[in-house]
Amino acid sequence: MKIAMNALTLTDVTKTFTMHLQGGLRLPVLRNVTFAAAPGQCLVLTGPSGAGKSSVLKLIYGNYRCDHGHILVSAGGSTVDIASAAPREILSVRQRALGYVTQFLRAVPRVSALDIVAEPLMSKGVARDEATARAAAMLKRFNVPDRLWSLPPSTFSGGEQQRINLARGLLPEHPILLLDEPTASLDANNRAVVVDIIRERKAQGAAIVAIVHDDAVRADIADIAVDVTLFATAA
Amino acid sequence: MNDEPLLIAEGLTKHYGRQLGCRDASLELYEGEVMAVVGESGSGKTTLLQMLSTQIEPSAGRVLYRMRDGSVQDLWTMSEPARRFLLRTDWGYVHQDPQLGLRMGVSAGGNVGERLMAVGNRNYASIRTTAADWLGRVEIPQSRIDDTPRTYSGGMRQRLQIARNLVTAPRLIFMDEPTGGLDVSVQARLLDLLRRIVSEMRIAAIVVTHDLAVARLLSDRIMVMKGGEVIEAGLTDQVLDDPNQPYTQLLVSSILPA
């Protein structure tokens, strides 16, 4: 019998920050983080603020450097170790396979909300017309009024920006999704939209690693929980 | 997509007399990739850019370029005419000061058309149509096609310089502080334009800037220079969000929040 391959495997991932401006202060954050997520599975990271949950997601995305250990991402028949991959390999994995969604939109000046949402699809090679149509459907799903679609979101409310960022991050149907508090400060309607989309992505076989503080949402989506304090460095 | 680098620099070093300009800089740039070179004034970033773009000869090291026919050539052993042809057609160079990259006494249409003629276009009507199309792409009103850049604002001149460089569909473009000296609102417009065109045309670019926000917005990869040496390099968001070197940490922490 063939055992299903994990989409994402972390082995002994260790991270320490060295603050040179504070006299070389060393801040150990995580030690020997080890877990795996299979396709179709949602793994929730738990632990109090400051335990290093967001750092784990940033390490997987390649946004933080990994001091030690392996972060294996399997997508499209190839496996890449993010901990040692060259920058262009990481970029290629992000474009093809790895989605990272926070509650904060990094707005690009002058780019419309619709284009911001459609952009990751287009960089995956989807034609502009189709990408725009799918982006529009996603914005509609998140109840963003269509009069806002052609405007750059820098002047939008915090909640509107958050929903545009969720639409952008959840649209591309990546096989691996990293979610950092996607539902924080959303109203009940939009929270339900996020939960629905996460369920759809799981059904499509996506492996999801999420940080969720809302107990109800966590109960709705989580298959396994990993307590990050297990990997906290002894103070 | 070709998996060979477009541009390879090996051990580029430049001394100005006894003064070090740049020491042992190496890099590989792939098609469609945008690399930012950041650092303070005097860090060697412009020296590096000028060596890469064959404007100054390195004291040591070499620059290799993969031509359209697939052959890889050492830029300093190429013949001068061949190198000049490359510069006019396959490469672009956007100066911080648009007056250096434009012919100020020639019409906007002429400035763009000249590059087309350099690659053998002779049909006046089609050159004019293409020039007009490019003015539109860089958001210059077509009614200004016959005006000289002298009558243009700073932001318009910079956009015209970009149109002049991109009209021949180069594979590689060098930019030296492309938004330096522009108002913030004009900068944002130019950055958005550059970002869009570079990604649509899949042009590789090396952008020298002291502005980390520009680097973050435009580039995939980043090199940090200090005292003539590359002290840190990697994925742009990784270097800016998790800087390793003391100097990079200082740079990142010195940004005033908007």
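This is a predicted model: local features need pLDDT of at least 70, side-chain atom pairs count only at pLDDT 80 or more; totals for chains, interfaces and linings use all residues.
Helices (H or I, at least four residues) and strands (E, at least two) are DSSP runs numbered from the N terminus. Axes are lines fitted to C-alpha atoms, for helices over the stretch in contact, and angles run from 0 to 180 degrees between N-to-C directions; contact means heavy atoms within 4.5 Å.

Two strands pair if DSSP finds at least two bridges between them. Strand E3 (residues 34–38) and strand E8 (residues 204–209) of chain B pair in the parallel sense over five bridges; B:Ala36 has B:Val207 in E8(B) as its bridge partner.

Chain A and chain B meet in a contact that takes 22 residues from chain A and 30 residues from chain B. The area buried between them is about 2200 Å², of which carbon and sulfur atoms give 47%. Buried area is the accessible area (1.4 Å probe) that two parts lose on being put together, summed over both. In chain A, the residues that lose the most area to chain B are A:Arg65, A:Arg88 and A:Arg110, together 34% of what that side buries.

Eight salt bridges are counted between chain A and chain B, a salt bridge being a side-chain nitrogen of Lys or Arg within 4 Å of a carboxyl oxygen of Asp or Glu. One joins the side chains of A:Arg94 and B:Asp237 (2.9 Å, N to O). A:Arg110 forms a salt bridge with B:Glu139, with the closest N and O atoms 3.3 Å apart. A:Arg110 lies in the loop between strand E6 (98–101) and helix H3 (113–123) of chain A, and B:Glu139 in the loop between helix H5 (124–137) and helix H6 (154–166) of chain B, so the pair joins two chains.

Residues are numbered from 1 along each chain as its sequence is written, and chains are lettered from A and ligands numbered from 1 in the order in which they are written. Local features need pLDDT of at least 70, side-chain atom pairs count only at pLDDT 80 or more, and totals for chains, interfaces and linings use all residues, while side-chain values use heavy atoms, with hydrogens and water left out.
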